[in-house]
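I opened this entry to keep track of what I looked up. My notes follow the order in which I checked things.

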Amino acid sequence: MTEGGHLPKLMNFQICDVHKALLSAPKVCDMNYRCILTKTGGQLEGMEFGDEIPLHRNGSLYFMRVWVREADFARL
């Protein structure tokens, strides 16, 4: 789930040694979202369902708050 979202989102993640996940603006647009960035933050606007996901800015990075559901399987 995302802050400001109405429905759970499907996002693909790759497992690697990072401290922050990166989100690709072109891939977000391919998922039918409009990406709006301003000097104070921004938002992702869903073209299909009309949901708005706020983007927060910290320096030169934009981030969104997400909640990840616990996996129902174990990785080895």
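This is a predicted model: local features need pLDDT of at least 70, side-chain atom pairs count only at pLDDT 80 or more; totals for chains, interfaces and linings use all residues.

**Strand pairing and overall make-up**

I then looked at how β3 and β4 pair. They run antiparallel and are joined by 3 bridges. Their hairpin leaves 2 residues between the strands, and glycine 59 there has a positive phi near 70°.

Next I turned to the pairing of β2 and β3. Strand β2 covers residues 41-46 and strand β3 residues 52-58; the two are antiparallel, with 5 bridges between them. Glutamate 45 is bridged to glutamate 52 in β3. In this hairpin I found 5 residues between the strands, and a positive phi near 80° at glycine 50.

How many helices and strands does the protein have? I noted 1 helix and 4 strands. Read from the N terminus, the order is α-β-β-β-β.

I checked confidence after that. The mean pLDDT of the protein is 80, and 74% of the residues reach at least 70.

Last, I looked up burial and contacts. The protein has 76 residues, and 17% of them count as buried. Its accessible surface is about 6,800 Å², with 55% belonging to carbon and sulfur atoms. Of the contacts between residues at least 6 apart in sequence, 31% join residues at least 24 apart.

Methods. Residues are numbered from 1 along each chain as its sequence is written. Side-chain values use heavy atoms; hydrogens and water are left out. pLDDT is the predictor's confidence in each residue, from 0 to 100. Two strands pair if DSSP finds at least two bridges between them. Buried means under 20% relative accessible area, exposed over 50%, partly exposed in between (1.4 Å probe, protein chains only). Contact means heavy atoms within 4.5 Å. Accessible areas come from the Shrake-Rupley method with a 1.4 Å probe; for residues, only the protein chains shown count as cover.
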